[in-house]
Amino acid sequence: MNLASIPSPSTGVIELGPIPLRGYAFCIIIGVFVAVWFGNKRWIARGGKAGTVADIAVWAVPFGLVGGRLYHVITDYQLYFSEGENWVDAFKIWEGGLGIWGAVAFGAVGAWIGCRRRGIPLPAWADAMAPSLAIAQAIGRWGNWFNQELYGKPTDLPWAVEISEGPNRVAGTYHPTFLYESLWCIGVALLVIWADRRFRLGHGRAFALYVAAYCAGRGWIEYMRVDEAHHILGLRLNVWTAIIVFVLAVVYIVVSAKLRPGREEIVEPDRDTTPGKDADAKDAEPDADAEKDPLGKDEPGESGKNLTAESTEAAAEKG
């Protein structure tokens, strides 16, 4: 019998009058806002402009949500497309089910589009956002607590999470793997912030450090989970994904440090990149040199000379 444990919410929906607010969605939304706010502060500190992070997030967030859902549905297709299941549930993102691997991959595509439109190097933007993404994940993981999902093996530890009887779950106390990952992500954010200040990471290396550190924790946390998952050589699919992505991130850090040491001096161009605007402005400027002689004395243009001649003739006729 447990003397202490973490109780789970009796419902995953918070009623705000006639509007139902699902705890899972609420955590995701808060995570996004915090990431944009903190990422904006880091971007400005790197020399960027205020508001740029939000502009790029308009592209990155929708892509990330789509990618996260696609990864989940593809890797857990049996939950939606096996006999007796309703494939329409694959679109019910509010019920949980976002794969971080797909979210980061597709989110990067959206961020690349946003950065390209602003003339910003994606690696610099990713470095500024790295700890913000880890914090957003830490907040978002509490959505699993509302849904009573993604818990670990049974345990009687004081911090065990209480799970009630429900579809595909048995009542009991289990390892709160959502809490473990949330705390790990906070640690990852602090690590990236420290390393970025200490070593002045640039050209995507702060982001790669975030990826590598997250994968290191996700590997052992994933191994503790008991929810249904595909296995390869005895390991869960996400464990293999964490291992592969970890290796790729470390290789990127090493290679990038050799090829492009240091940090970007300019992360956001301080000019108007509207096509044709610079050319138009140049054409509109008067050519001062055309009105001067080699000695630098101002001379009237052809129109000025004609005007002077006409005035002289008019004066002669009048006289």
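**Exercises: salt bridges and a helix pair**

Asp227 is partly exposed, at a relative accessible area of 25% (buried is under 20%, exposed over 50%, partly exposed in between; 1.4 Å probe, protein chains only). Heads-up: this is a predicted model, where local features need pLDDT of at least 70, side-chain atom pairs count only at pLDDT 80 or more, and totals for chains, interfaces and linings use all residues. Residues are numbered from 1 along each chain as its sequence is written, and side-chain values use heavy atoms, with hydrogens and water left out.

**Exercise 1.** Find the salt-bridge partner of Asp227 and the network around the pair.

*Solution.* 
- Step 1: apply the cut-off, a side-chain nitrogen of Lys or Arg within 4 Å of a carboxyl oxygen of Asp or Glu.
- Step 2: Arg236 pairs with Asp227 at 3.3 Å, N to O, and Arg236 is buried at 6% relative accessibility.
- Step 3: both belong to a salt-bridge network that also links Arg141, Glu181, Arg218, Glu222 and Arg225.
- Step 4: Arg218 and Glu222 sit four residues apart in helix H8 (residues 205-224), so about one helical turn separates them; helices here are DSSP runs (H or I, at least four residues), numbered from the N terminus.

**Exercise 2.** Work out how helices H2 and H4 are oriented to each other.

*Solution.* 
- Step 1: the axes of H2 (residues 52-75) and H4 (residues 100-118) come within 6 Å and cross at roughly 150°.
- Step 2: angles over 145 degrees count as roughly antiparallel, so H2 and H4 are roughly antiparallel.

Definitions and conventions:
Axes are lines fitted to C-alpha atoms, for helices over the stretch in contact, and angles run from 0 to 180 degrees between N-to-C directions. Helices (H or I, at least four residues) and strands (E, at least two) are DSSP runs, numbered from the N terminus. Angles under 35 degrees count as roughly parallel, over 145 as roughly antiparallel, 65 to 115 as roughly perpendicular and the rest as oblique.
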